Amino acid sequence: MATDYRAPEDCACGHDEHQHESSMPDLSRTLRMMAQLTSAQQTLLRRIASHAEPVTVTQLANESRLHPNSVRETLDALVHLGLVTCEQMPIKGRGRPALGYQSYTPADPAFPARMLAQVSHSMFTWLTDHVDDPRQAAHEMGRYWADDALAMMHVPDHSRMRPPKDFTLSGHLNKMRLFLTSLGFAAQPHPRIDTGLVLLGCPFGCTDESCPDSLALEMRTGMVERIIERTAGAMADAQIMVDVNHPLRCEIIFTVKGELARNEQQATDDAKDAKEPSTRAEAS
């Protein structure tokens, strides 16, 4: 196990003196910036990250078969974004010392998905080996994860909110679908039921679609249950059904209840009343 220690005041962390109050790298910010890079910037970042030592413009130009000025322009953008650092290389011979470029951030755009799959697989293996009821544990962990996801995305708690007169469950489901999709569940409208959703994805290490991890699916169910409780629990009951032939496919069927049911029934009655006068007029 790691041991604790206190860095000395003169600790060197590069070409500058150790900074005790330097800001820690923000991985989420880094990944957001990487998603906005041009293809040329992404390619150069991956090339820099493949080097264990700082690499010069000349080296990068030779490897890329590009003019040094083109490489330098792309490098300047990466340095400005904070994805690449620049430092002076040791002096060799005459002339100005060259600048070396290095990256300390994940350069693969697939890093988040790969890391989530690795963490999930390790977690499910540990649950299987050390917990009496790993399925229940995965289910509860999914519920806790849902609370964190809802809080981080500032989704309001609807569990005690009274729906307004013009509220419709079908419209609310569109917002839920977007949120579930943002979690990697590939949520789609139900093909036959207006108050239904279909989930086609599970990002927790389900690399084999024909045989996804049962604990991953249980965690997804726990997350979905909690999300429904928090975002629609006061307005509708929900039935969650996993397709036994295609386990990644999950249907969620909602049934309105309470005040929302009365509102929707009133809206239906009002629509019928509005049609009746015109029907009688046509008959006369």
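The conversation below takes up the chain as a whole, then its aromatic rings, a loop residue and its salt bridges.

Guide: Please bear in mind that this is a predicted model. The chain has 9 helices and 6 strands, and buried residues make up 31% of its 284 residues. Its accessible surface comes to about 18,800 Å², with 52% of that area belonging to carbon and sulfur atoms.

Visitor: How many aromatic pairs does the structure hold?

Guide: The structure holds 2 aromatic pairs. Trp145 and Phe204 form one of them, with 4.9 Å from centre to centre and 35° between the planes.

Visitor: Why is the pair of Trp145 and Phe204 called tilted?

Guide: Planes under 30 degrees apart count as stacked and those over 60 as edge-to-face, with the rest being tilted. The angle between Trp145 and Phe204 is 35°, therefore the pair is tilted. This pair links distant parts of the chain, 59 residues apart: Trp145 belongs to helix α6, and Phe204 to the loop between β4 and α8.

Visitor: What makes the pair of Phe185 and Phe204 edge-to-face?

Guide: Their planes stand at 85°, and an angle over 60 degrees counts as edge-to-face, so the name applies. Phe185 lies in the loop between α7 and β3, so its pairing with Phe204 ties together parts that are 19 residues apart in sequence. Trp145, Phe185 and Phe204 form one aromatic cluster.

Visitor: Why is Phe204 called buried, and why is Trp145 called partly exposed?

Guide: Buried means under 20% relative accessible area, and partly exposed lies between that value and 50%. Phe204 has 3% and is therefore buried. Trp145 has 32% and is therefore partly exposed.

Visitor: How do you know that Thr105 is buried?

Guide: Its relative accessibility is 17%, which is under 20%, so Thr105 counts as buried. Thr105 is found in the loop between β2 and α5. Leaving aside neighbours within four places in sequence, Thr105 is in contact with Thr30 and Leu83.

Visitor: What makes the approach of the Thr105 side chain to the side chain of Ser103 a polar contact?

Guide: The distance is 3.2 Å. A polar contact requires N or O atoms within 3.5 Å, one able to donate a hydrogen and the other to accept it. The contact between Thr105 and Ser103 is of this kind.

Visitor: How do you know that Glu229 forms a salt bridge with Arg143?

Guide: A salt bridge needs a side-chain nitrogen of Lys or Arg within 4 Å of a carboxyl oxygen of Asp or Glu. The closest N and O atoms of Glu229 and Arg143 are 3.0 Å apart, so the pair qualifies. Glu229 lies in helix α8 and Arg143 in helix α6, so the bridge ties together parts that are 86 residues apart in sequence. Arg143 is buried, with a relative accessible area of 18%, whereas Glu229 is partly exposed at 32%.

Visitor: Which residues are linked with these two in a network of salt bridges?

Guide: The network links Arg143, Asp147, Asp157, Glu225, Arg226, Glu229 and Arg230. Among its bridges, Asp157 meets Arg230 at 3.2 Å, and Arg226 meets Glu229 at 3.1 Å. Arg226 and Glu229 both lie in helix α8, about one turn of the helix apart. The count for the structure comes to 10 salt bridges.

How values were computed:
Residues are numbered from 1 along each chain as its sequence is written. This is a predicted model: local features need pLDDT of at least 70, side-chain atom pairs count only at pLDDT 80 or more; totals for chains, interfaces and linings use all residues. Side-chain values use heavy atoms; hydrogens and water are left out. Helices (H or I, at least four residues) and strands (E, at least two) are DSSP runs, numbered from the N terminus. Buried means under 20% relative accessible area, exposed over 50%, partly exposed in between (1.4 Å probe, protein chains only). Accessible areas come from the Shrake-Rupley method with a 1.4 Å probe; for residues, only the protein chains shown count as cover. Rings of Phe, Tyr and Trp (its six-membered ring) pair if their centres lie within 6.5 Å; planes under 30 degrees apart count as stacked, over 60 as edge-to-face and the rest as tilted. Contact means heavy atoms within 4.5 Å.
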